[in-house]
Amino acid sequence: MECRKTSGYMSKVTAVAIDMRNTVEGTPFVLESQQQVSAILHMKAPIDIIKQDMEKKILAYNTSWVNANTQVSNVEWQDSLLETTETTVAIREPEMEIHKTSTPVSGTQDHPTKVKKHDEINYDISVKNGETSFLLNAIKVEDILPSGLDIQLDAIVWYLGNDSTKQQLVKDSQFVEVMQDAKNKQKLIFTIEALQAEQELHFVIPTKVTDNGDDTLFVNTAKIIEVHQHFFEKESETTYHELDITTADFLFYYPSYIGENMR
């Protein structure tokens with residue numbers, strides 16, 4: 001088999017020819033009866049395909065031909081050209097899942113869960129590679145927490161699978177990271193180096209309820225924004241909590257009057 005380097009960029013190559021007439025020793029190559037030879041070409045899908053192109057369901061068509069001299073008797077050889085069945089390939093988005101839960105458990109839009117000042121709300125974001133045969137890398141997740149929640153940035157943890165006992169601090173990891181937006185401190189960007197096929201990863205974000213923000217209704221949704229360094233968008237479920245203002249702290253002032261005995 002002969003392999004020759006192509007000049008220019010491989011992305012410009014539209015056809016490949018494999019020369020199997022001779023062995024590496026230079027002798028004629030003979031494919032004996034019942035023997036099989038496989039040629040595997042590794043290709044990457046283009047990264048500049050936009051979502052509109054995917055929705056058009058544009059297909060790439062591929063056909064192969066085999067030219068061979070077949071010995072039909074002890075002395076007679078017959079030249080043959082065989083054509084394979086045409087195959088098609090389509091570009092699609094990767095299979096990804098993202099889910100969001102919270103402690104205390106989220107309410108609904110109409111009936112959000114009541115929380116008090118100084119309460120803790122822990123958000124759990126799970127991200128899963130839904131592909132069954134290949135990994136996905138350079139995954140980014142965006143989560144904008146409502147104002148009125150104090151994010152405990154250095155206490156954010158992550159773990160693989162569903163074993164929450166194996167939590168590790170994100171700040172100490174080389175596999176995942178979290179960045180806080182410079183202009184909007186409530187905006188967090190998580191980066192996952194890679195997820196193997198069907199692998200799932202969790203982030204746990206601890207927050208504390210304050211009365212410093214503009215929000216008393218804490219509505220929160222996370223979303224995947226990038227995969228393979230390419231734009232991707234998929235949202236999680238939305239969680240609903242609400243500051244219970246009926247339990248706010250009040251200071252009562254009792255007036256005192258000169259000459260009056262206060263008890």
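**Close-up 1. Polar contact between the side chains of H228 and N137.** In this predicted model, the side chain of H228 makes a polar contact with that of N137, at 2.6 Å. N137 is also among the residues in contact with H228 once neighbours within four places in sequence are left aside.

Close-up 2. H228 lies in the loop between strand 15 (217-227) and strand 16 (230-243). H228 counts as partly exposed because its relative accessibility is 34%, which falls between the limits of 20% for buried and 50% for exposed. L136 is 92 residues away from H228 along the chain, yet the C-alpha atoms of the two are separated by 6.7 Å.

**Close-up 3. A nonpolar surface patch that includes M43.** The patch is made by M10, V13, V16, I18, L41 and M43 and covers about 620 Å². One of its members, M43, is found in the segment before helix 1 (51-55). M43 is exposed because its relative accessible area of 75% is over 50%.

**Close-up 4. Confidence in helix 1 and strand 7.** Mean pLDDT in the protein chain is lowest in helix 1, at 65. Confidence is highest in strand 7 (residues 120-129), where the mean is 98. The protein chain as a whole averages a pLDDT of 85, and 84% of the residues score at least 70. Where pLDDT is low, the predicted coordinates should not be read in detail.

Terms used
Residues numbered from 1 in each chain as written. Predicted model: local features only at pLDDT ≥ 70, side-chain atom pairs only at ≥ 80, totals over all residues. Heavy atoms only, no water. Helix = DSSP H or I, 4+ residues; strand = E, 2+ residues; numbered from the N terminus. Buried < 20%, exposed > 50% of the residue type's maximum accessible area, 1.4 Å probe, protein only. Contact = heavy atoms within 4.5 Å. Polar contact = N/O pair within 3.5 Å; in protein donor to acceptor, adjacent residues only side chain to side chain. Patch = residues over 30% accessible without salt bridge, like charges linked within 9 Å, V, L, I, M, F, W, Y side chains within 5 Å. Areas by Shrake-Rupley, 256 points an atom, 1.4 Å probe, with all protein chains shown as cover. Salt bridge = Lys/Arg side-chain N within 4 Å of Asp/Glu carboxyl O. pLDDT = per-residue confidence, 0-100.
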